[in-house]
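Let's take a friendly look at the aromatic rings and what surrounds them. Have the sequence and the model open as you read.

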Amino acid sequence: MAVGAEQGRLGENGRSNAPSRDAGSSPCSSLKMFLGALSFAYFSKSLSGSYMKSTITQLERRFDIPSYLIGVIDGSFEVGNLLVIAFVSYFGAKLHRPKIIAIGCLLMSIGTFIIALPHFIIGRYEFETSVRWVINSTDSPAPCPKNSAAIVAQGSILPGVPNTKCEGESNMSMWIYVLLGNVLRGIGETPVQPLGISYIDDFASQENAALYVGCVQTISVVGPVFGYLLGSMCAKIYVDIGFVNMETISIGPSDSRWVGAWWLGYLIAGVLTLLSAIPFWFLPRSLPIGQRGAARCTPEQTSFIKDSPLLEDKYPADEPTGFLEMARDFIPTLRILLGNPIYLIYLCVTIIQLNSLIGMVTYKPKYIEQHFGQSASKANFLMGVVNIPAVALGMFSGGLCMKKLKLSLMGAAKFAFSTSLIGYFLSLFFFAMSCENAKVAGVTVPYEGMDVLLFDKPSAFTACNSDCVCSANDWDPVCGEDGITYVSPCLAGCTRSDGSGSNTVFAQCSCVGSAGNLTARTGQCLDREDCDRMFPYFLALSVITSFIISLGGTPGYMLLIRCIEPQLKSLALGFHALATRTLAGIPAPIYFGAIIDTTCLKWGQKRCGGIGACRIYNTAAYRTAYLGLTLSLRSASFLVCIPGFLLLRQQVRREQRNAVRGALAKGGAEMEALGKDETADREAALVPEAAVVPETASVREPVLRDTEESQPTAEHHSRDRETRL
């Protein structure tokens with residue numbers, strides 16, 4: 001008996017299933033420590049990821065690259081995931097999951113530091129400007145030079161004049177380091193999600209698993225709040241702060257040439273990610289089976305939990321398995337996973353929706369900047385304090401609703417679909433929140449005296465600046481007294497400038513106003529009353545739609561976990577992440593950026609030729625391309641949901657029928673066993689009480705003799721009854 005009890009306390013692999021007596025190694029405390037460590041890791045990785053998106057416009061301007069190339073850099077994170085995620089998800093589930101997560105966090109921190117590296121090896125940032133800082137003088141060079149042989153004529157270099165601006169052009173390729181660092185960051189992030197979620201679902205109680213997953217997912221959405229706030233703070237700081245005299249900088253954060261201290265946030269994010277790796281080194285490989293319910297169950301119930309076949313599926317990681325054996329089982333296991341039609345349809349729906357979501361989130365700060373005329377700092381700030389908290393609250397509320405309403409598999413699917421559909425219809429109102437293009441002479445509006453302006457053939461040259469030798473490629477905007485922005489002081493026809501730096505005022509501008517003698521100041525005109533009135537409504541609608549759509553996030557994620565066999569859970573999560581990163585995370589930023597590039601009206605020019613970053617967009621075309629592509633993808637996802645609901649309903653009904661049959665079969669077996677027990681009780685009742693004695697050699701013979709002696713008596717009574725009949 002003692003030996004059997006001892007074996008009952010041991011698992012099949014020899015480890016104890018009973019809770020540890022040591023408080024420091026308590027299963028409950030270990031699970032809480034893992035939950036806290038995973039939450040901090042989610043916070044760190046989501047902070048650095050959101051900070052990457054908040055620096056999109058800063059990287060565009062710093063490295064002078066178009067939006068589609070920024071999409072390549074952003075998608076390189078998913079490339080890193082693609083390289084290792086399938087193997088990490090499959091083999092990692094059978095190894096020490098906490099330590100693998102720790103290694104991943106370490107790689108993420110190294111990759112984040114590499115992203116910031118170009119700032120320390122590249123030269124100082126130089127932007128296009130005709131404003132000069134002249135010491136002890138208020139006079140600046142004439143903005144409208146005439147007949148100067150040393151001036152570029154409409155963007156061309158005069159023969160025999162060396163282009164000294166090409167020096168250091170190779171430094172512009174430093175964005176390659178940003179791409180490589182992002183790839184490494186993606187490799188490090190790979191094990192965090194599939195191994196972390198599967199670890200929680202393995203060792204948390206059934207009713208708390210959804211809540212814990214909801215908490216972790218909520219933390220992962222809180223991280224971007226601080227990521228965008230960090231991006232807002234760094235966008236206000238000039239890129240070369242501490243190395244240049246800020247009084248010589250003639251541009252501000254609202255200027256399209258401004259570049260903030262993008263590198264500073266990556267250093268902060270790298271340190272946080274490095275700290276998140278520490279707790280995982282001290283966590284156990286697995287927790288005792290009793291963690292799932294032994295603390296609240298009786299000893300009899302605990303014995304049933306120990307022998308439950310469900311738990312055998314929940315703990316495949318504890319079985320000692322060789323590497324070659326795992327490798328041989330990989331393809332058959334993957335074939336079984338992909339043979340689940342519900343899983344495949346869920347995969348297709350999430351891929352399409354994530355294409356829409358990733359493309360929308362990646363370029364939303366830029367959309368706010370370009371469409372509503374806000375600075376990069378303000379756009380990031382609003383994303384952090386207004387939009388992201390609504391998403392976090394929605395995801396947490398979704399997990400709480402699933403726990404309170406006790407949603408079934410079908411209920412979770414309907415809940416996620418309904419919230420997504422409501423958010424879709426609300427998003428249609430974004431089309432009505434439009435702004436007019438900024439008034440830029442020769443680009444969006446004609447010069448004074450011109451009747452029309454063709455957007456496909458804009459011309460910055462006209463009669464008022466025909467005497468000036470100007471470059472059409474420069475972007476050095478000035479705001480005229482007439483409220484119109486001019487591409488440069490030269491193209492505004494200004495012949496004189498007073499002051500220096502950001503206080504420069506251009507006078508005698510022949511193109512400004514009908515009189516042709518008004519002044520202009522540095523910078524683009526920011527007075528857009530229609531946008532200022534519309535922007536609060538845009539923010540309010542954005543918050544509402546983000547909250548409603550995110551309500552279905554946690555139920556939808558639990559649907560992924562529950563629609564597959566427990567032993568395939570880690571592989572299913574890993575393959576889901578692999579597919580979404582390959583087919584959504586990588587291409588979405590690229591083709592969204594490429595389509596946005598088609599709406600550019602004025603491109604910046606690189607030092608040695610070729611287009612750089614876009615300076616101004618066609619607002620109406622930008623809105624149509626950005627919102628139209630986002631909502632079109634979501635429309636397609638709803639169509640794919642229809643066969644998914646049909647298959648899911650069939651599976652639920654089939655499982656219900658099987659459950660009823662199993663219950664009936666089990667009930668019949670129990671009734672048969674009960675009948676056998678009653679028969680045995682009746683037979684035992686015929687045995688005299690003296691027969692119920694210890695089975696020893698000294699008493700067995702008398703009992704048998706007494707029984708034999710009682711048999712003739714019974715036969716005699718039987719014959720007497722027959723005689724009476």
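## A charge over a ring

The charged end of Lys45 lies over the ring of Tyr42, 4.7 Å from the ring centre. Here, a charge sits over a ring if NZ of Lys or CZ of Arg is within 6 Å of the ring centre and within 35 degrees of the ring normal.

## About the model

This is a predicted model, in which local features need pLDDT of at least 70 and side-chain atom pairs count only at pLDDT 80 or more, while totals for chains, interfaces and linings use all residues. Residues are numbered from 1 along each chain as its sequence is written, and side-chain values use heavy atoms, leaving out hydrogens and water.

## Ring pairs

How many aromatic pairs does a search of the whole structure find? The search gives 22. Rings of Phe, Tyr and Trp (its six-membered ring) pair if their centres lie within 6.5 Å; planes under 30 degrees apart count as stacked, over 60 as edge-to-face and the rest as tilted.

Phe43 and Phe226 form an edge-to-face pair, because their planes are at 70° with the ring centres 5.5 Å apart. This pair links distant parts of the chain, 183 residues apart: Phe43 is in helix H2 (residues 27-54) and Phe226 in helix H9 (residues 206-236). Helices are DSSP runs (H or I, at least four residues), numbered from the N terminus.

Phe43 is buried at 18% relative accessible area, whereas Phe226 is partly exposed at 44%. Buried means under 20% relative accessible area, exposed over 50% and partly exposed in between (1.4 Å probe, protein chains only).

Terms used
Helix = DSSP H or I, 4+ residues; strand = E, 2+ residues; numbered from the N terminus.
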